Amino acid sequence: MGLEKYGHFSEDGREFIITRPDTPAPWVNYISNTRYTGLVTNSGGGYSFYICPKDSRITRHRYNGLPWDRPGRYVYLRNEDGDYWSLTWQPVGKKPDFYECRHGMGYTQIEQEYGGIRSKVLYFVPQDDDVEVWRISLTNMSHKTHKTHVFAYAELCLGHALVDLINQPNDQHFNVVKFDREHELLYATKNYWVTYSGATVKQPNQAWNKYVFFASSLPVAAFDGKKDAFIGPWRSESNPIAVEKGKCGNTEITAGDACAALQSEITLAPGETRELVILMGIVDREGYSDLAPPIAEKYRDLANVDAAFEGVKKYWDAYLSVAQVETPDPRMDLMLNAWAKRQAWVTFHMHRTAGYYHGGLLFGTGIRDQCQDLQGPLMAEPEVVADRICEVLSHQFADGSTLHNFFRLTGHGEKTGHSDTPLWLPLAIMAYLKETGDFEFLKRVVPFQDEGEASVLDHLTRAIDYPLSNLTPRHLPKFGPGDWNDTLDYVGRQGIGESVWVAEFLCYIFRESADLLDRIGQKDKAAHYRSEYAQVAAALNALCWDGEWYIRGTRDDGGVIGSHTNEEGRIFMNSESWAAISGIAPEDRARMAMDSAYSMLNTPRGPKVLHPAYTKVDMGVGLATRCVPGKKENGAIFNHPAAWAVLAECLLGNGDRAYEYFKKTMPINQAYDPDLYRMEPYVYSEYVTSPDHPTFGEASHSWLTGSAVWFLRDGLDYILGVRPTYDGLIVDPCVPAEWDGFKITRKFRGATYEIQVLNPDHVQHGVASVQIVSDQSDKSDVSDRGCLLPLYKSGVHKIRVIMGKKEEEV
Ligand code: GLC
């Protein structure tokens, strides 16, 4: 049985409905208002944090632990006869008579029936308040009255999650949990807080600057702040002693392991429904006892809860409405209309930091990742993106180099010297300008990480000039300790090896920024970048063409990678796709390179990142060769480079092949055997195991991958071909020849473009004519303006595009 074994998408495509709890792995969703974030799984597991999952962790989660997916946000019910269960199946795990989990846009709802009680728990975070809401409804389906005890429970981390992990129970000695009887609130904090990554070397003289509060809309009968008291010795979340006995112990702590547990009693007559709310919020330490009660009071009122939930729904409706499509492939529609956008929003805020496969302790925000991921929210929230670009720019040094990653709450970060990182800044800035046309942005002044400040434009050119000042004698960029591929980490540490992919990426940035500089009158700088483009492109074509494809790079020890002369790692997707994307390859070479990639890298589940996978550790390549063949960067179907392959094929006009890659890599298609695939079928995973490993088809590292945003932009901008330029939207579809056409509605700079594309001649690429259908003022055929649509700035405009050859070409 396929995907339907575990669930399906809702009619409108905006929910994934899981119909049995025992999914092949915990399937995750995020609830978040961008400051307060929770991960929620279909069995109630997951954790919460405030802005930074390392520095300001609210609840705990045990990676690598058994049983799976513990702890989480748990609500236990206990009947008079002593039978108890949890409303999210786990952690008690008693088989429900009915189970359904809906992961939606910013919320998760788990509905269940057990012991004659139908329950619904809806988890979400309001837009305006830093609190997570568990909205619960209980219906007595039986013929007898139930006197039921409700226990709400969360295990607390309180502050620096890495210190909590490595220094337990020492760190717990600073925990405080107390109950405020007047307001019926449990408060928790830690009187010690480490705010840098070195963890234990220095001992800062400070407390966590937050308090967590926990509240119920029901009168509190009893509570526990001491985890050991609630759970009991040698027990777990499956059988807490407090639930078993039906009584919390009213424990507070001034040291020890912290939890938040509240007990209430309700009586449910036959057929009766009762609704209640559990809240977990975070407030500033300073004045916390005045800050928390009003928030708790607000959300104890169901009307406010429902209004806040409406707010979340409205936010997502608006967010998704920036581009809506109707293509011959309903699964593609599902990704472009909802899930790829949603995932790109999550990666923009979560980067690679807090997922189920990323513990939130290590990376912080990667500058490379951030600059790509922002291309998702850019369409709906350009102001948010502009601010984030400036935040990223503030981690650039005056010489144009950058931190590689940073932690958003503390500003700390690492400078690693990855050769590509600085170059992502111009990409981000130019994407913003194309979407908005807001050239004033270039004048915004942003400080450097070290000293001084400069305009956004100045930041941009410094980012380009830095690698430019550091080329090898052959006029190619150095590989350094890694490029996009972090695991090619020993190719060029000595500063001798060269990265072909970075050279191509640099050329792409030269070309794009030269266009920008020309436009703003900086002709000399533009000419300089164009001449550099020509020199690097010439070097690439003279030195890095392998006969049928481009090599991936040269090594410190004088060898090459990605060449037919290599036994393993003979071809890498990135140097082929970016040869086309950057335009450095003459057309015949670009086509041959992508054909070679197709014949050597393509698999039934998408293209591999390299081939053949390394079977022996190569000290001069590094980590990629330490991965087992077929997984991760060692030859997996890595979805991020697959997305660039789609883009390259589109630029070459190969609609059939672009769509083939796009279709194969859609999560819903990659997950056709969900027990093998394991990850969530509604979001992209970082990779799928290739045929080089016995677990071919198994995915890993779902949610936090740059592939989401690139596939989103591939679909909208390149396959459907409606993409922003400085001058406006252009229409330049590249579709499978079999398509009859499609529709796309795109909001752009204040106007709405309703575009219908027809493909009567069944071409893959090429626009024969463009007509403004709806506009009274402009009924003319605008095909003489190329595929550039008029810039309307307001209103709704219907456009009809006919694909095919232009009349003069026929
Ligand atoms: C991970 C990193 C990303 C990198 C990729 C390939 O996804 O977050 O920055 O480009 O791996 O190594």
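A polar backbone atom of tryptophan 484 lies 2.6 Å from an oxygen atom of the ligand. The table lists this and two side-chain contacts; a polar contact is a pair of N or O atoms within 3.5 Å.

| Residue | Polar atom | Distance to a ligand oxygen atom |
|---|---|---|
| Tryptophan 484 | backbone | 2.6 Å |
| Arginine 368 | side chain | 2.8 Å |
| Glutamate 686 | side chain | 3.2 Å |

Taken alone, the ligand exposes 310 Å², and the protein buries 89% of that (Shrake-Rupley areas, 1.4 Å probe).

This is a predicted model: local features need pLDDT of at least 70, side-chain atom pairs count only at pLDDT 80 or more, and totals for chains, interfaces and linings use all residues. Residues are numbered from 1 along each chain as its sequence is written, and side-chain values use heavy atoms, with hydrogens and water left out.

Three strands form an open sheet in the order β21-β22-β23, with antiparallel pairing (strands are DSSP E runs of at least two residues; pairing takes at least two bridges). β21 (365–366) and β23 (413–414) are the edges, each with a single partner strand, so one side of each has no neighbour in the sheet. β21 and β22 (residues 405–406) run antiparallel and are joined by 2 bridges. Threonine 365 has phenylalanine 406 of β22 as its bridge partner.

Methods: Helix = DSSP H or I, 4+ residues; strand = E, 2+ residues; numbered from the N terminus. Polar contact = N/O pair within 3.5 Å; in protein donor to acceptor, adjacent residues only side chain to side chain.
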